Number of protein chains: 2
Amino acid sequence: MADKPKKTTILDIAAIANVSTATVSRVLSNSDYPVKQEVREQILAIAKDLAYSPNLFSRMLKGADSKEIGVIIPSVANPFYSQLVASVEGVCIKHDYVPIICSSYNTPELQLKHIEMLKQRCVSGILISVLTTDDEVINQLKELDTNIVLFDQTFESKDFDSVNFDFYKAGYMATEYLVQNGHRNIAFATAPLERRSRKLFYKGYRKALEDYGIEFEVTNLVVSKVENDAITTDFHYQNGKNLAKMILEKEKLPDAIIAINDMTAFGIINFFEANEIVVPADISVMGFDNIPFSEMISPSLTTIEQPINLTGRLATEMLINKIEQKTDYERTVKLEPKLIERKSVRKKNKILRKEKNDL
Amino acid sequence: MADKPKKTTILDIAAIANVSTATVSRVLSNSDYPVKQEVREQILAIAKDLAYSPNLFSRMLKGADSKEIGVIIPSVANPFYSQLVASVEGVCIKHDYVPIICSSYNTPELQLKHIEMLKQRCVSGILISVLTTDDEVINQLKELDTNIVLFDQTFESKDFDSVNFDFYKAGYMATEYLVQNGHRNIAFATAPLERRSRKLFYKGYRKALEDYGIEFEVTNLVVSKVENDAITTDFHYQNGKNLAKMILEKEKLPDAIIAINDMTAFGIINFFEANEIVVPADISVMGFDNIPFSEMISPSLTTIEQPINLTGRLATEMLINKIEQKTDYERTVKLEPKLIERKSVRKKNKILRKEKNDL
DNA sequence: ATCCGCATAGCAAACGTTTACTACACCATA
DNA sequence: TATGGTGTAGTAAACGTTTGCTATGCGGAT
């Protein structure tokens, strides 16, 4: 813009107070170096008077902390992640950090670009939802000498602090609930299973089937073709529609469907509705995430809750603890899934788990 | 972290290439100062070899552009804004800027805090959804000698570039559509009308009523008590439930309701559904925004579209043009509302507008 | 032969801090 | 009286760039 009004510097203050810049700096940077109370107060007063605010860049040039936290997620447009971001932001503000939101859209190159950018900005730390356990990404993170906390995507590692979620158990619980309510032919509808979290969720599903003595049918794993999440909010929703279409094309309709997330479930339900198939009367649908919309749609969605806000809050607090070199905090937290019973699953006859000795 | 591996600086490069740092800087900062081709290439080669990346802080200390763009919005958790943020992010990445997302939750103090923070970081520009036309905020923005583009909240001003939206027309269109489909007793359900955009939308509603010769009833303006948007995604949804409750408590149920936004409409519809009132058979509901979920709920929501992605894209491009001192671009854009016809409004007998000479 | 402009390059200051080092006065202890 | 600690303050280097100024050599115009 036109004419910068020359911000006040410690030099100005030093001149007025008739002391050296060193002294001013000591006072204004909250150093524990002793400065006479009288002088300290005078400097503080002048600083306030001149509306002094330190130049962050020179501080950082001297190696100070940038007070920025990189937050790498698949997509801000996805309501699950935008809520996560909101909770991260809340904690950041409280501790005077600034979150830098980076959507990776599941593309490694973009993720790499973001990481480079964050490195260049010397962020104080990074909160990241690691999508793959590729050695490449992991090594890249290890080399990045900054504070890192993993979240959202379960990836326990001695190398990183993390806030995890029991995806396996979540998949198990979803399946078990369906089985116990009389469903046997259960489809699993998902975007490609390359993510660790999705794989685990799927494994939970398989294990539950096994435990209840239900044979898994290959055609019940319904996977859409898409690779990368698009930029739009309704990506998974559209995906759900596709999956529903695929399911309708099967020779035999399943009793129930487990969707890889709530948005997908919405798409599935909507497609069914448009095709005169009633949920849950004709077919049951189970979601995963429990995003706020789950209770807004009709029928309201029975789903497994993933504690979004808690995840964001804990992960951010963990990271800040790490940055500020606190020592007394948990370095790994594993959050538990919780079943949220609503109206998208039909309750048929109750079925109990086959005990081992039944077999 | 443990031991920083000492990043390479132009000094290292200068030493190897046997030239001065000035020359290295000139090459590496794309200055137009002439440097012999041979030397230039050598320096470039060495830089690449040592994986040199410039220290942003020293550059900024010298007054360079921070390449950051502050984005101030009411709340990231709100799907409308998270989609907006996504489109802003997309443009930013293309031009190598980094968006800094700031949720103000409609609290002036927080907004002020964010602005202070952005100022301190010497951001290249700010994209802001101005909620009030308080002189305080406006002056504060004017004094902020940085590039500013207003968006989302219509506030045309000679002092700022802006991407506007015709809220007045939107309100008019919503109302007109309802009237033309046979509704006369139309309630307007909203959070407090302190925002300019809401006021305009409301004025459009009033004007349409007037043009169609329908007398406005005071009790048809239903306003919830809440002041500030909360941090959660479902704030407006809950608000909608409250509003629906208030409406149900009226002695006479209106034919139709215009909700201040889609999320509010969802809440209203949901509350009605829970109370055995069928939308649109018993009462029609009209939304505003056309967020992706509008077509996911049941009944799908008839609403007025506000072009989110276009807004984000245009505003960001405008700001970057401004930052980079381009001159040939529009400084004010006004986007048009569009009616999206779905299933939440019942079509009764068509009614035409009273012509002026009818009166 | 002189002067000028131009291409090229280096020197060193400057951006605003922080901090290692030095200085010195004061007081307590041996 | 010498010794040393402690509280307080200043000097100047350093962080990694950019850039105004100066310098040199060279070709062309006068």
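Colleague: To start with, where does A:Pro299 lie?
Modeller: This is a predicted model, first of all. A:Pro299 sits in the loop between strand 9 and strand 10 (302-305) of chain A.

Colleague: And is the peptide bond from A:Ser298 to A:Pro299 cis or trans?
Modeller: That bond is cis, and its omega is near 0 degrees. A cis peptide bond also joins A:Val279 and A:Pro280, with omega at about 5 degrees.

Colleague: Which loop has A:Pro280 in it?
Modeller: A:Pro280 belongs to the loop between helix 11 (262-274) and strand 9 (284-289) of chain A.

Colleague: Switching to chain B, what is the phi of B:Asn30?
Modeller: B:Asn30 has a positive phi, about 55 degrees, although it is not a glycine. You'll find B:Asn30 in the loop between helix 2 (21-28) and helix 3 (37-49) of chain B.

Colleague: Now over to chain A. At roughly what angle do the axes of helix 2 and helix 3 of chain A cross?
Modeller: Roughly 80 degrees, and the axes come within 10 Å. Helix 2 of chain A and helix 3 of chain A are therefore roughly perpendicular to each other.

Colleague: Which residues make that contact?
Modeller: From helix 2 of chain A they are A:Thr23, A:Val24, A:Arg26, A:Val27 and A:Leu28. Helix 3 of chain A brings A:Val39, A:Arg40, A:Ile43, A:Leu44 and A:Ala47. Sorted by class, this contact of helix 2 with helix 3 of chain A has seven nonpolar, one polar and two charged residues.

Colleague: What about helix 8 and helix 9 of chain A, how do their axes cross?
Modeller: The axes of helix 8 (residues 167-180) and helix 9 (residues 196-211) of chain A cross at roughly 40 degrees and come within 6 Å. That angle is why helix 8 and helix 9 of chain A count as oblique to each other. Their crossing is right-handed.

Colleague: Who's touching whom there?
Modeller: On the helix 8 side of chain A, the residues include A:Phe167, A:Tyr168 and A:Tyr172. Helix 9 of chain A contributes, among them, A:Leu200, A:Phe201 and A:Tyr205. By class, the contact of helix 8 with helix 9 of chain A has nine nonpolar, four polar and four charged residues.

Colleague: Back to chain B: how do helix 10 and helix 11 of chain B pack?
Modeller: Helix 10 (residues 235-248) and helix 11 (residues 262-274) of chain B pack at about 50 degrees, with their axes 6 Å apart. Helix 10 and helix 11 of chain B are therefore oblique to each other, and their crossing is right-handed. The contact includes B:Tyr237 and B:Leu243 of helix 10 of chain B, and B:Phe266 and B:Phe271 of helix 11 of chain B. Its residues divide into 10 nonpolar, five polar and two charged.

Colleague: Last topic, the two chains together. What superposes chain B on chain A?
Modeller: A rotation of 180 degrees with 0.1 Å of shift along its axis does it, at an RMSD of 0.1 Å. The two copies are thus related as by a two-fold rotation axis. The same surface serves both copies, as 98% of the contact residues of chain B recur in chain A.

Colleague: How many residues does the contact take from each chain, and how much area do they bury?
Modeller: The contact takes 58 residues from chain B and 57 from chain A. Between them, chain B and chain A bury about 4,900 Å², 60% of it on carbon and sulfur atoms. In chain B, B:Phe57, B:Arg121 and B:Met296 lose the most area to chain A, together 15% of what that side buries.

Technical notes: Residues are numbered from 1 along each chain as its sequence is written. Chains are lettered from A and ligands numbered from 1 in the order in which they are written. This is a predicted model: local features need pLDDT of at least 70, side-chain atom pairs count only at pLDDT 80 or more; totals for chains, interfaces and linings use all residues. Side-chain values use heavy atoms; hydrogens and water are left out. Copies are superposed by least squares on the C-alpha atoms of residues with pLDDT of at least 70 in both. Contact means heavy atoms within 4.5 Å. Axes are lines fitted to C-alpha atoms, for helices over the stretch in contact, and angles run from 0 to 180 degrees between N-to-C directions. Helices (H or I, at least four residues) and strands (E, at least two) are DSSP runs, numbered from the N terminus. Angles under 35 degrees count as roughly parallel, over 145 as roughly antiparallel, 65 to 115 as roughly perpendicular and the rest as oblique. A crossing is left-handed if the near helix is turned anticlockwise from the far one by less than a right angle, and right-handed if clockwise. Ala, Val, Leu, Ile, Met, Phe, Trp, Tyr, Cys and Pro count as nonpolar, Asp, Glu, Lys and Arg as charged, and the others, Gly among them, as polar. Buried area is the accessible area (1.4 Å probe) that two parts lose on being put together, summed over both.
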